[in-house]
Amino acid sequence: MLLTQATLATMEGEGYGLVPDGAVAMEGERIAWAGPSADLPARFAAMERREMGGRLVTPAFIDCHTHIVSGGDRAREFEMRLEGASYEEVARAGGGIVSTVRATREADEESLLAQALPRVDALLAEGVAVLEIKSGYGLDTDTELRMLRVARRIGQERPVRVLTTFLGAHAVPPEYEGRPDAYIDEVCIPALRAAQAEGLVDAVDGFCEGIAFQPDQIARVFDVARELGLPVKLHAEQLSNLGGAKLAARYGALSADHIEYLDEDGVEAMARAGTTAVILPGAFYTLRETQAPPIESLRRHGVPMALATDVNPGSSPLTSLLLAMNMGCTLFRMTPAEALAGVTVNAARALGLSDTGRIAEGCRADLSVWNVAQPAELSYRIGFNPLHARIYGGRA
Ligand code: DI6
Ligand code: FE
């Protein structure tokens, strides 16, 4: 397939890597050539042509941080809070993360899949081609593995590439309340080994926070990840600064995520380690946080910034990367070019992928065609999806 008359945002080099009158030649699942139409090599000129009429063509989006597999929902909890219930009252009524853990444990594979697919489809409607999916609502071996199996099945049921992340260190389950070390040693680490033995793990994550796990507990999980040859990433500095990003950087982490409370030392450690910052404005918005991530400092130190939905039933019931881009700009003052890089080339980087998220020879032919003329429109509009066509693996 050959696309012509396209405005290409290649995401190569600085900014958008814009090519005003561009062409993209695809062979099989790969991009064979991309550049100005005037330079199209003769050997591609005879290919089946699709004229884009000046439409914007971008790399397909990548959602690099999701908890899209989970049981139940927390709408009633949301409602109770707005009717004036306190955090304790919500918890006593069975709300909070524990309610999601209970509902996830009770759900079988088919049910978890059926609950996740509508959320996946909402992302696909915006052209998402790569989706990271975490475990972390099972907190026992059976359920953690079941979540990861469902994640793998999503990649078979839908035209999307799924990367799985083991997040056993997400929360302390009720049966281990007050005993986080015992949970890490008796459940989390054995579950990670079991999941890896089944080929269910592409990366390992944790939640480093006062309400979750301390750096030394996360480090024990990361040591096992290293032994198993798995890359790591971390929920760090979301609600306070425990030095999580520095810890992640020490393990050469792919990414440190949330990072609202990240300090300059942490930014420098990430820059040195080549760790990507994953910005999650959906959680910031939902929790009505006030401390924004240090975008200016990340920019100054050249830390690549990705943007993701953090889709989860508690802190970010968001299934739109377009809205995440708008929030990244409006709430955090990212530029529209940074927002687009955040859901393409830098999201790929956060997942350790180098063959996607850009329009360049040899990359996967996962592209989105938009009914807009300039890339800033993708970040500028609110609640508007201008996707015109989705190209996945070279097929429309
Ligand atoms: N950070 C969050 O905001 C969510 N998990 C995490 O690591 C909260 C998850 C939930 O409330 O269900
Ligand atoms: Fe998260």
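**Spaces, a patch and charged pairs**

Helix 12 (321-332) and helix 15 (376-380) each contribute at least two residues to the lining of the largest cavity. Before I go on, please keep in mind that this is a predicted model.

Let me stay with that cavity. How many cavities of 30 Å³ or more does the structure hold? The count is 1. The space in the largest cavity is about 50 Å³. Which residues line the largest cavity? Leu-322, Leu-323, Glu-377, Leu-378, Arg-381, Ile-382, Gly-383, Phe-384 and Pro-386 do. Sorted by class, that lining has 6 nonpolar residues, 1 polar residue and 2 charged residues.

I will take the second largest pocket, with about 350 Å³ of space. Its lining is made by 16 residues, and those closest to the centre are Gly-15, Ala-337, Glu-338, Ala-341 and Asn-346. Three helices each give at least two residues to this lining: helix 11 (295-300), helix 13 (336-342) and helix 14 (345-350).

Glu-338 leads on to the salt bridges. Glu-338 pairs with Arg-299 in a salt bridge, and the closest N and O atoms are 2.7 Å apart. Because Glu-338 sits in helix 13 and Arg-299 in helix 11, the pair ties together parts that are 39 residues apart in sequence. Is Glu-338 buried or exposed? Glu-338 has a relative accessibility of 17%, so this residue counts as buried; the cut-off for buried is under 20%. Arg-299 has a relative accessible area of 33% and is therefore partly exposed.

There is also a network. Glu-109, Glu-110, Arg-153 and Glu-157 are joined into one network by salt bridges that share partners.

How many salt bridges are there by this rule? The count comes to 29. I will pick out two more of them.

One is between Asp-205 and Lys-134, where the closest N and O atoms are 2.8 Å apart. This pair links distant parts of the chain, with Asp-205 in strand 9 (residues 203-208) and Lys-134 in strand 7 (residues 130-134), 71 residues apart. Both Asp-205 and Lys-134 are buried.

The other is between Asp-265 and Lys-246, with 3.6 Å between the closest N and O atoms. Here too distant parts of the chain are linked: Asp-265 belongs to helix 9 (residues 264-273), Lys-246 to helix 8 (residues 244-250), and they are 19 residues apart. Why do these two residues count as partly exposed? Asp-265 does so because its relative accessibility is 44%. Lys-246 does so because its relative accessible area is 36%. Partly exposed covers values between the 20% cut-off for buried and the 50% cut-off for exposed.

Last, the surface patch. Ile-211, Leu-239 and Leu-287 make a nonpolar surface patch of about 270 Å². Where does Leu-287 lie? Leu-287 is in the loop between helix 10 (281-286) and helix 11. Leu-287 has a relative accessible area of 39%, so this residue is partly exposed.

One link to take away: Glu-338 is among the residues closest to the centre of the second largest pocket, and Glu-338 also holds the salt bridge to Arg-299. That is what I have for today.

Methods
Residues are numbered from 1 along each chain as its sequence is written. Chains are lettered from A and ligands numbered from 1 in the order in which they are written. This is a predicted model: local features need pLDDT of at least 70, side-chain atom pairs count only at pLDDT 80 or more; totals for chains, interfaces and linings use all residues. Side-chain values use heavy atoms; hydrogens and water are left out. On a 1 Å grid over the protein atoms alone, a cavity is a set of points where a 1.4 Å probe fits but cannot get out, and a pocket is an open set with protein on both sides within 12 Å along at least five of seven lines; lining residues have an atom within 4 Å of a point. Grid points are joined across faces, edges and corners, and a volume is the space filled by probe spheres set on the points. Helices (H or I, at least four residues) and strands (E, at least two) are DSSP runs, numbered from the N terminus. Ala, Val, Leu, Ile, Met, Phe, Trp, Tyr, Cys and Pro count as nonpolar, Asp, Glu, Lys and Arg as charged, and the others, Gly among them, as polar. Patches are made of residues with over 30% relative accessible area and no salt bridge: like charges are joined within 9 Å, nonpolar side chains (Val, Leu, Ile, Met, Phe, Trp, Tyr) within 5 Å. Accessible areas come from the Shrake-Rupley method with a 1.4 Å probe; for residues, only the protein chains shown count as cover. A salt bridge is a side-chain nitrogen of Lys or Arg within 4 Å of a carboxyl oxygen of Asp or Glu. Buried means under 20% relative accessible area, exposed over 50%, partly exposed in between (1.4 Å probe, protein chains only).
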